[in-house]
Amino acid sequence: MTARPSPIALHKALDAIWRTPSGIGRLSSVNHTVLGKRFMVLALVFFTIGGLLSMLIRAQLATPGSAFVGPEIYNQIFTMHGTVMMFLFAIPMFEGFAIYMLPKMLGARDMAFPRLTAYGFWCYLFGGSILIIAMLAGVAPNGGWFMYTPLSSRPYTPGINADVWLLGITFVEISAVTAAVELFVSILKMRAPGMALTRMPLFAWYMLVTSGMMIIGFPPLILGSILLEMERAFGLPFFDPTRGGDPLLWQHLFWLFGHPEVYIIFLPAAGALSTIIPVFAQRPILGYRALIAAIVAMAFLSFGLWVHHMFTVGIPHLALAFFSAASALVAVPTAVQIFAWIGTLASGRPRWDIPMLYVLGFFIVFVMGGLTGVMLAMVPFNSQAHDSYFVVAHLHYVLVGGFVFPMLAAIYYWLPHVTGRQSLYRLSVPAFWLILVGFNLTFFLMHLTGLMGMPRRISTYPSNWGWDWLNLLSSVGGFVLTMGFALVLIDIVLQFRFGRWFRRDPWAAATLEWATATPPPSYTFASLPRIEARADQLQPGPIGGRLAGGEGYLGFARNGEQETLGVDMVSGEVEHLIILPQRTYLPLWTALATASFFLALLFRLYWLAPFGALLTLALFLSWPASLGGKKDRGPVDIGMGAAVPLDREVTGSVTILASRAALAMNGTLFASLLFGGLFLLVVAPNWQGVMQVDLPLWPRVGALVAVVFGAGLARLAQTRNAAGGEPGAVLLATAGLQAIGMALLIASLVMVPDPTAHAREAVLFVVLAYAALHSGLAGLLAGFAAWRLAQGYVSARRQTEVIVAGLWNGYAALVAVLALGLTLLLGGLGA
């Protein structure tokens, strides 16, 4: 049993291990508290930029026939406003908040993959900077934040404007998907011992479902962006109807992401509300299990709603009826949450404070947005209001009501946790009323202009159509709203400088984050608690004092290592000890290498792009060099009379779970690609009379045999390693077979006739390229596992690399089978 040090000695020892150094060393930080704050601060910077762009929009539309900016600049402004708010503010803001808060709520010391979090932040910074710099240079995207084809295709947008959007957003989405995997794994595996799923705080449930939605929902947009950029750069006609493509394919892929994204944005905000409301109602939330069911139902239904953005494009009537019904049905789980929050307040003893003002604003604004959403779910009304300012009003009532108002409530509720100070509240009340009044003055009137026929995305309008006074008042409201946000910013700055110090838990809350010191130390918890009750019904004050004194798990510093615990996904019982990687510059260098790849594509230096990709891959492969061990350690003391094995010595490690999540995300992207090929086959014009593609069958069959046998050998290597045998030769054989499979797949795609001639050939080319890429990755991971084995990092107990190689080889085999099937189907079509 490790002796317990004094609280002060424990603090000093842990801080020496976990702290982020000053100066240039800050760039090496991988600490979740530091990175969470960086995400949130950068998101607020982008929010400010997006707000300034909205003021320019309202200045242009304040009067008819305005010459404030011309149509070209206006198109860039409204495109960048939507892009910044949706991609650079809303999603990164809640990601940053979750990265900062979840380990504290769940009783862990950090996230599962700190370096991945840091890499995601740098990708977010560099990708967002590409978009902002392009705007300042006058070449910002100008086709709308949805980038509909054919407007965004090269014949209609010949400059780099659309490329900036496609490549910049794809770069930023790397940050989003890495955060999704990070959050998903951390919530499932890194909770306080005893915190079963049925004891998790509701915010963790909301973020678990949200991260799962991101894993499934983001790949269609990434695929669509890749396909459109390939069309723009190399002429592959996925969206060109004259060559067998279809612009509607872009809409399907975009809205397969775009509508779940609305709920991806709303659910974290709802999680914040489910945490804040019980505190101010002074009673536990009503319907804990019903809320969990509603969250899951909302996530499920959100993926069946994307077509309601496309009601006017010629969808068959039966499909219209289905998607209209699904769009109305999603109001049910939303209502369950609304009534649970109202019931909690009604049955408690509510006390009013600034966070509750913004909760009230949420109820007013979001419910109104939900009602107009039900209206737009009805096909006849949607057909009349489609692409009018009524839709603009609805969108802002839902997104601002469903995210910004809860976000402001969360800022005032949790900012004392960040600063260690309480707000003076001198400016917060007038700021709230300016925001509430300014918002409704701006956007409520847009319902009326929309019903009067004002279309979206116009830069000017005539003076005799009755829209003049409504637009003027909307513009006035927009500036009032901006003043309210400016007061909030000033109030936050004043809190940092003049707020009253406090010790712990100023709100008398019942969740674990208030058991930390405020501001929180670099290691979050000096020792980790055991949770025997629901984690939103705790007493943070007494718990915090005991944990600071080391009266919990891991109440000591050992070997200079950053230690935290991994638990069973369902029961929350301790399974293993996780040793996290320490601060490093590798995430920054890897993100810079990734940026070189995207910049080479943006500036059409295509010969340079492979070098950026290879450099990125090489840097990623260098990440594990400092991880692992060359001998089995067996059970390790974690305090409280318990001992568990290390993470690398179990088969349920966070790395293996992350690989499964990454494969699910990858599978969604491939499924979207298969959907795109079949959609073009069934729906797209100019497929009649195309000549049969006479591709030799032997390379594809040979590739299939090599990849499938490679996957079998990878499985054999895993079995042999687990039994204590020597899997090195089998792993090398796996890598060799996958290399052969990749070579044969590349030979097959080279044999595809001109892929720029018709969408059928383009789909064949991309599907074979995807299969070749993943065969190569599978072989690379098998070779990497063999190298780690030779270095002594793999044994019968330390199986992680071999298991990961087996997973990716199995996926490569599945891809090869489906790719061969699709190429046989499409290639066999003839006149």
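The crossing of helices α20 and α21 is left-handed, a label used when the near helix is turned anticlockwise from the far one by less than a right angle, with right-handed meaning clockwise. The model you are looking at is predicted, so local features need pLDDT of at least 70 and side-chain atom pairs count only at pLDDT 80 or more, while totals for chains, interfaces and linings use all residues. Residues are numbered from 1 along each chain as its sequence is written, and side-chain values use heavy atoms, with hydrogens and water left out.

Let's stay with those two helices. Two packed helices are described by the angle between their axes and the distance between the axes. Helix α20 covers residues 698-722 and helix α21 covers residues 728-751; their axes come within 8 Å and cross at roughly 160 degrees. That makes α20 roughly antiparallel to α21. Here helices (H or I, at least four residues) and strands (E, at least two) are DSSP runs, numbered from the N terminus. Axes are lines fitted to C-alpha atoms, for helices over the stretch in contact, and angles run from 0 to 180 degrees between N-to-C directions. Angles under 35 degrees count as roughly parallel, over 145 as roughly antiparallel, 65 to 115 as roughly perpendicular and the rest as oblique.

In the loop between α19 (654-683) and α20 you can find W687. W687 has 9% relative accessibility and counts as buried (buried is under 20% relative accessible area, exposed over 50%, partly exposed in between, with a 1.4 Å probe and protein chains only). Between the C-alpha atoms of W687 and R700, 13 residues apart along the chain, the separation is 24 Å.

Now turn to another helix pair. How do the axes of α7 and α10 cross? They come within 9 Å, at roughly 15 degrees, with α10 spanning residues 331-347. The two helices are therefore roughly parallel to each other, and their crossing is left-handed. Residues of α7 that meet α10 include F266, L267, A270 and L273, and among their partners in α10 are Q337 and W341; contact means heavy atoms within 4.5 Å.

Aromatic rings come next. Searching the whole structure gives 57 aromatic pairs. One is F254 with F257: the ring centres are 6.0 Å apart and the planes stand at 75 degrees, so the pair is edge-to-face. Rings of Phe, Tyr and Trp (its six-membered ring) pair if their centres lie within 6.5 Å; planes under 30 degrees apart count as stacked, over 60 as edge-to-face and the rest as tilted. Both F254 and F257 belong to helix α7 (residues 247-281), three residues apart, about one turn of the helix. F254 is buried at a relative accessible area of 1%, and F257 is buried at 0%.

Y413 and W514 also form an edge-to-face pair, 5.7 Å centre to centre with 85 degrees between the planes. Since Y413 lies in helix α13 (residues 389-419) and W514 in the loop between β2 (500-501) and α16 (540-548), the pair ties together parts that are 101 residues apart in sequence. Both residues, Y413 and W514, are buried.

Ring pairs also build a cluster whose members include W165, W250, F254 and F257. S225, in helix α6 (residues 202-234), is in contact with W165, L166, T170 and W250, leaving aside its neighbours within four places in sequence. At 2% relative accessibility, S225 counts as buried.
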